[in-house]
Amino acid sequence: MFEILPIPAFKDNYIWLLVRDGRAAVVDPGDPAPVIECLEALGLQLESILVTHHHADHQGGVAALVQRWQAEVFAPYIESITGCTQPLSGGETIMVLDQPVSVLAVPGHTLGHLAYFAQGALFCGDTLFGAGCGRLFEGTPAQMSASLMQLAALPDDTLVYCAHEYTEANLRFSLAVEPGNQRLHERIKRVERLRDSELASVPSTLAEEKATNPFLRCREPDVIAAAIEHGAPDISPVAVFAAIRQWRNAF
Ligand code: ZN
Ligand code: FE
């Protein structure tokens, strides 16, 4: 089993540190400095780097970390990632710290975006967030909707280790979509308490996301009704998703 620890970076990024028997891997090291500081403090050797997509806040630290530790770098094959040694397209099972990790292709935020799933933990980068999802910079609504449905099919107790602390702002939007969702009201209270104490709202569980994240609820009557009000041309899950995502961009 891995131990999983957050390394906060920039304003609201989480770089996830995986530790096993004094060996370490990191997911999405956008900034090398906090990673080096953390690994030195814990006396760990970095063996593997997992990158979900090419944006600088996810891969900007790779070069410096590789220079220091010669770690292997897993990253999307079709994206330009500095220092990638293990190009992936999704569907593979890779070994990280001698443990199997499933690689999922989740295009939408970017076209090569990957998610990594191991031991009940999902590292989903900028695809699925607490109560939200990533912006569609490169992919289509149909692609992102299919990617989110693929993630939603994982076990309910999956822990969702996304790459940003966006939950509180996302929940304000979720409430606009589904003001009558009781689970959502409970989550808002819980997340407010955590954030007031400067604690992370991540990871959540997939069950929690399925109950409160509008982007995973495109078949719910209230979400469909809100999407129709915001321009969805029909009630297909992709049209509902597209309308909600568009509304979120301007929210
Ligand atoms: Zn991104
Ligand atoms: Fe990001």
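## Close-ups of a predicted model

**View 1. Asp126 sits between two metals.** Asp126 bridges the zinc ion (ligand 1) and the iron ion (ligand 2), and the two ions lie 3.3 Å apart. This is a predicted model, where local features need pLDDT of at least 70 and side-chain atom pairs count only at pLDDT 80 or more, while totals for chains, interfaces and linings use all residues. Residues are numbered from 1 along each chain as its sequence is written, chains are lettered from A and ligands numbered from 1 in the order written, and side-chain values use heavy atoms, with hydrogens and water left out.

**View 2. Here is what holds the zinc ion (ligand 1).** Its protein donors are His53 (NE2), His55 (ND1), His109 (NE2) and Asp126 (OD), at 2.2 to 2.3 Å. Donors here are N, O and S atoms within 2.8 Å of the metal (3.2 Å for Na, K and Ca); water is not among the atoms, so sites may look incomplete. The four donor atoms subtend angles of 86 to 175 degrees, which makes the arrangement irregular. Along the sequence, the donor residues follow the spacing H-x1-H-x53-H-x16-D.

**View 3. Strand E10 (residues 121–125) is mostly covered.** Five of its five residues are buried. Ala121, Phe123 and Gly125 point one way, Leu122 and Cys124 the other. Strands (E, at least two residues) and helices (H or I, at least four) are DSSP runs, numbered from the N terminus.

**View 4. E10 has a strand on either hand: E9 and E13.** Strand E9 (residues 114–118) runs antiparallel to E10, joined by three bridges; strands pair if DSSP finds at least two bridges between them. Tyr116 has Phe123 as its bridge partner. Two residues separate E9 from E10 in a hairpin, and Gln119 in the turn has a positive phi of about 50 degrees. With strand E13 (residues 159–162), E10 pairs in the parallel sense over four bridges, and Phe123 stands opposite Tyr161.

**View 5. Six strands make an open, mixed sheet.** Their order is E7-E8-E9-E10-E13-E14. E7 (93–96) and E14 (204–205) stand at the edges with a single partner strand each, so one side of each lacks a neighbour in the sheet.

Methods
Buried means under 20% relative accessible area, exposed over 50%, partly exposed in between (1.4 Å probe, protein chains only). Four donors count as tetrahedral if all angles lie between 85 and 135 degrees; four count as square planar and six as octahedral if opposite donors are over 155 degrees apart and all others between 65 and 115; anything else is irregular.
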